[in-house]
Amino acid sequence: MSGVSLDGIVKAYGAVQVVHGIDLEVQEKEFVVLVGPSGCGKSTTLRMIAGLEEITDGELKIDGRLVNRVAPKDRDVAMVFQNYALYPHLNVSENIAFGLRIRKEPKDRIAASVEEVAGILGLTEYLDRRPADLSGGQRQRVAMGRAIVRRPKVFLFDEPLSNLDAKLRTQMRAEIKRLHNRLGVTSVYVTHDQVEAMTLADRIVVMNDGRIEQIGTPMELFLNPANMFVAEFLGAPPMNMVQAEIVAGEGQPAAQFQGHRIALPKIDSLQNAVGRHVTVGIRPEFAEIADDSVAGRVGIDIDLVETLGSEALIHASLAGKPFVIRTDTVGQMAKLDHVSGFTVPPHLIRVFDSETGRALAGQVTAA
Amino acid sequence: MSIDPEISGARTEELVIEAREAQRDRKAGRIQRVGDHLRREWQIYLLLLPTIIWLLLFLYKPMYGLQIAFKDYSVFRGIADSPWIGFEHFETLFNNDQFIRAIRNTLIISVYSLIIGFPVPILLALMFNEVLNQGFKKATQTIVYLPHFISSVIIAGIVITAYSPSAGIVNTVIGWFGFDPVYFLTRPEWFRPIFIGTGIWQEAGFQSIVYLAAIAGVSPTLYESAVVDGASRWQMMWKITIPSILPTIIIMLIIRIGNILEVSFEMIILLYQPATYATADVVNTFIYRQGIQGGQYDLAAAAGLFNAVVAFVLVITANTISKRYSRTSLW
């Protein structure tokens, strides 16, 4: 089984610890994305898997073999770097073949492998060009070609799309996903872009300050964030947060704040939390716009409506704080002129402990 | 091929006038752009000014005096009033055995220096780059840079002392093996090795800074990527470091070739003596003896001009070859 196992992985530079005991099991053929803000330790973790950084403590296993003290070349991993790491003096063909030549593979096998990989990545007509003569997307493909050609057990991607423009990034994202589906190689991918994480990952690992905040499928993390950090990090625009107090409502608990009241799901953890001060999280996508005629709506002050084509972002304020609603435009443009509040299904609301930031227990929404 | 009747006779003339006007407009536009640029960036050009003045005063103005290479120059008549004599000085030079010997010595010393001395700073830089212990690296770098900052007179003193037949360390070591002392600095066959060796010792460390800077510019991810691919340090040096600094190596080589006839004049003056003229006398020392000591300024100017023309041709040739085959060039 060519998975990757991290057990209590710690990285310290002198007295400064930057990764504080990571536990992660990446299954064979799985595509796992490490996501988090800059400086959260995701790239350091990836570099420890690659062998480019020493592991201070903990155990790293690749394919079931302990590799803490194994040289990078003997770990059977291939890495794609943020700035592509292409050799400027070599052409595309030589760049792709570099790893195989270093390992002194037979020339005919190298040529066949390069040809095959170039075919997969659509690079056949560029084989004689040097990196300087390629576009950003083509360079990125060459970098992936270098990784693929070695047929490693694990692919490691370190923010490979961050140097590309938005359009190309979308295109390359899809190519990476297709490539993974085709090759089925275990992959660990680092990014700070939550859209990349959501679209590429089988499972996402959200990291913050050298720790794992939550591990799960993209939809699990989107619907059931374990804490306020994950809730606000994943999703664009981020989840709206409102300070409130839990009160006993009519047959079910409710969140009350500055004259407003929102019904919450009828679950034990919320029913037992009456009187507690909490943070209520509402995703912009889950708030449904309402006009004055809708009973039970929560009133908001509209600041700005941004029309993005098929959808619109309504920027408003609720209890003196910014509140964003994302809504469809098709067929309801006229409705947008009369928005004065919103409603939200109770099961799509998340309630967090204001002190610890953790989601109160028992709130689960099925994907 | 038929000619369009529209574009003939008067029409052709009109087109030519239009084209000329358009060209004039383009030129005027360009001049205006340069003017705008100068007005906008005048501070930068002000910074450049001292260097331009220095170049004009000390490199371009003296070129006026080059004409004495073609004149029967007299200090009393001055440069302008001395009579023209064409290439007479050049004929004299090429009929002078000492000058021919000086050219031969210059070329031999330069080519040996180039072949032996040029790779040394590159090797030093590559070795420094491989040293992991920062303390050791800094200490060795300081030691090899140091001779560059010592005056040539002192370096020559050290060399003379080191090779002294009575108390020099070299002859002392030779003496340990039972051999007689060698009078190195009076033996023509030893002059070139000693001179080239001294030059390398004095300058190789300092010259390695250029290559170290080039190595520092190589992206660390190239090495990391190679490490993951399984490259050893040796392979990384050959397949990443050297190709990455190759443009710098070529530029340095072109500059070096341009200066091939400029052997270290002071060091030769300090180390040579009539006994070693056969191998040590170079064009610059010949110019010094003829021009300054012998008062033949016009002959010395002709020899200097010859030197400069050869250097110019060499630099152009090296640059053209490099441009064609390695896509790297000075201009």
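This is a predicted model: local features need pLDDT of at least 70, side-chain atom pairs count only at pLDDT 80 or more; totals for chains, interfaces and linings use all residues.
What percentage of the 331 residues of chain B count as buried? The figure is 25%.

1. Overall form of chain B. Chain B contains 16 helices and 0 strands. Its radius of gyration is 28 Å, well over the 20 Å that the globule rule gives for 331 residues, so chain B is more spread out than a compact globule. Among contacts in chain B with a separation of 6 or more, 67% are between residues 24 or more positions apart.

2. Domains of chain B. The domain assignment gives domain 1 as residues 1-40 and domain 2 as residues 87-326. Between the centres of these two domains of chain B, taken over C-alpha atoms, there are 54 Å.

3. Helix H2 of chain B. This helix covers residues 42-60 and has a kink of about 35° at Leu48(B). H2(B) is hardly covered, and of its 19 residues the number that are buried is 0.

4. Contact between the chains. On the chain B side 14 residues take part, and they are in contact with 16 residues of chain A. Two helices of chain B, H11 (220-229) and H12 (233-258), each supply at least two residues of the side that touches chain A. The largest share comes from H11(B), with 7 residues. By class, this side of chain B has 6 nonpolar, 6 polar and 2 charged residues.

5. Domains of chain A. Chain A is divided into domain 1, residues 4-224, and domain 2, residues 231-353. Their C-alpha centres are 39 Å apart. Where the two domains of chain A meet, 6 residues of domain 1 are in contact with 4 residues of domain 2. On the domain 1 side, helix H6 (194-200) and helix H7 (218-223) of chain A are the elements that give two or more residues. H6(A) gives the most, with 3 residues. This side of domain 1 is made up of 5 nonpolar residues, 1 polar residue and no charged residues.

6. Hairpin of S12 and S13 in chain A. Strand S12 (residues 253-257) and strand S13 (residues 260-263) of chain A run antiparallel and are joined by 4 bridges. Phe257(A) has His260(A) in S13(A) as its bridge partner. There are 2 residues between the strands of this hairpin, and Gln258(A) takes a positive phi near 35°.

7. Hairpin of S17 and S18 in chain A. Strand S17 (residues 301-307) pairs with strand S18 (residues 311-318) of chain A in the antiparallel sense, over 6 bridges. Opposite Asp301(A) stands Ser317(A) in S18(A). This hairpin has 3 residues between the strands, and Gly309(A) takes a positive phi near 110°.

8. Hairpin of S18 and S19 in chain A. S18(A) also pairs with strand S19 (residues 321-328) of chain A, in the antiparallel sense and over 8 bridges. Val324(A) in S19(A) is the bridge partner of His315(A). With 2 residues between the strands, this hairpin has a positive phi near 55° at Ala319(A).

Note on methods
Residues are numbered from 1 along each chain as its sequence is written. Chains are lettered from A and ligands numbered from 1 in the order in which they are written. Two residues are in contact if their C-beta atoms, placed from the backbone, lie within 7 Å. Ala, Val, Leu, Ile, Met, Phe, Trp, Tyr, Cys and Pro count as nonpolar, Asp, Glu, Lys and Arg as charged, and the others, Gly among them, as polar. Two strands pair if DSSP finds at least two bridges between them. The bend at a residue is the angle between axes fitted to the seven residues ending there and the seven starting there. A residue is buried if 20 or more other C-beta atoms lie within 10 Å of its own, exposed if 12 or fewer, and partly exposed in between; C-beta atoms are placed from the backbone. The radius of gyration is taken over C-alpha atoms; the globule rule is 2.2 Å times the number of residues to the power 0.38. Domain bounds come from an automatic or database domain assignment.
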